[in-house]
Structure formats: structure tokens, C-alpha cells
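Please look through the structure shown below before reading on.

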Amino acid sequence: MEWSVLFFFNSILLGVGLSMDAFSVSLANGLSEPEMNRKKISAIAGVFAFFQALMPMIGWICVHTMVQYFQAFEKMIPWIALLLLSFIGGKMVIEGRKNKEEVRNTEIGLAALLGQGIATSIDALSVGFTIAGYNFTMALVCALIIAAVTFLICLAGVLAGKRFGTKLSDKAAIFGGSILIVIGLEIFITGIF
């Protein structure tokens, strides 16, 4: 893959799609702690952004260490990307439609925030497979774009949660899941054809 407008556009879309789980949790965090200060709001968005950048890089590193030993694996990357992103996206759409989110009025501690950050970014690990065609610099830039998008979306999520509650969280999961499915299809089609 080369540097192009499509690279940046896909990276932004990956960031939007992957951050929807974190957005939903951010809404819940804002609702559960309406008196949250700006420092904590920024910390919540920062934790989500950090893990959303870390996981794709871990996935990328895993793919590149495996691809060095198994060249045939490279041909399967579009299939793996399609399956993983479709599965994760489909799961997000189904969860968004069920709308089973519970919100409690409690303060969010560091341990809970780190757990939320890991839980909402596990799906971003699969992005390492989808960006396997990038060199290290491109993969890092993609991860940083995903982090920046996640930070902004989660910041908006906490603020919206403080103001409006979690009425938007189910729609965010459906939107994010749909984006991941579309990206999986795009990667599959360009990788195969």
C-alpha cells in the first residue's frame, strides 16, 4: 500500500468504526458521573485512544512476525480481515439492537477505566491483520489516526453522556458495526481482486 488519500480515509473510517464501543462506554461514564471534571474527561478519552492505537500495532507486529515464517499466510489476510471485521461489526450491530446497556451512578476508577479501555479495544487487534500490507511507518500513522479519532469521539461521548444520557449508545454500536463490515468488504475486494 502507498501513501494516498484512500489510506487516510480508511484510517479515519477505521477509527470511527472501532471507537463506537468506546463511545458507548464513554456515554455511560458521562451519565454515571455527571460532575466529572475536565481532567478526568480527557483521561477517559486518552485511555480509550491509547488502547485503540496499541492493539492494531500489536496485531500488525504479530502478522509480520508470522508472515516472515509463513508466506502463504499473506494470501489469507483479506479473508481474515473480512471474517474478523464482519464478525466484530455484526456483533456490534446485534448488541446495538438489543440495547442491554446498564448504567450505574458510580465514579469510574483507574482499574475500571483500564478494563474498559482493554475490553473496547480488543476488536482493534484484528486491524493488525487488515493493515498488514502497510510498512511500519504507515501502520504507526494509521494507529495514531485511529487514536486521534477515538480520542475526539470519546471526548464527545463523555460530554454527551453527561448531558443526554445513553439514548445514543445503541445507535452508535449499530453505526460502528456497519462501518467495520464495510471496511472488511473493501479490504477483501481490494485484496482479492
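Does phenylalanine 7 count as buried or exposed? In this predicted model, phenylalanine 7 has a relative accessibility of 0%, and because values under 20% count as buried, phenylalanine 7 is placed in the buried class. The points below set this residue in the context of the protein.

**Overall fold**

- The secondary structure of the protein consists of seven helices and zero strands, so that from the N terminus on the elements read α-α-α-α-α-α-α.
- Of the 193 residues in the protein, 49% count as buried, and the accessible surface comes to about 10,200 Å², with 69% of that area belonging to carbon and sulfur atoms.
- When contacts with a separation of 6 or more are considered, 91% of them are accounted for by residues 24 or more positions apart.

**Nonpolar cores**

- The largest nonpolar core has 18 residues, and within this core Ile131, Tyr134 and Cys142 touch the most other members.
- Helix H1 (5-32), helix H2 (38-69) and helix H6 (136-164) each supply at least two residues of this core, and H6 gives the largest share, which is six residues.
- Leaving aside residues up to four places away in sequence, isoleucine 131 touches Leu14, Pro56, Trp60, Ala139 and Cys142.
- Another core lies apart from this one and has twelve residues, among them Met36, Ile44, Phe51 and Leu113.

**Cysteines**

- Cysteine 142 counts as buried at 0% relative accessibility, and cysteine 154 is likewise buried, with a relative accessible area of 0%.
- A disulfide needs two cysteine sulfur atoms within 2.5 Å, and by this rule the count for the structure is zero disulfides.

**Aromatic rings**

- A pair of aromatic rings is described by two values, namely the distance of the centres and the angle of the planes.
- The structure holds six aromatic pairs, and one of them joins tryptophan 3 and phenylalanine 7, whose rings are 5.0 Å apart centre to centre with 75° between the planes, an edge-to-face arrangement.

Methods. Residues numbered from 1 in each chain as written. Predicted model: local features only at pLDDT ≥ 70, side-chain atom pairs only at ≥ 80, totals over all residues. Heavy atoms only, no water. Helix = DSSP H or I, 4+ residues; strand = E, 2+ residues; numbered from the N terminus. Buried < 20%, exposed > 50% of the residue type's maximum accessible area, 1.4 Å probe, protein only. Contact = heavy atoms within 4.5 Å. Areas by Shrake-Rupley, 256 points an atom, 1.4 Å probe, with all protein chains shown as cover. Core = buried A, V, L, I, M, F, W, Y, C linked by side-chain atoms within 4.5 Å. Phe/Tyr/Trp six-rings, centres within 6.5 Å; stacked < 30°, edge-to-face > 60°.
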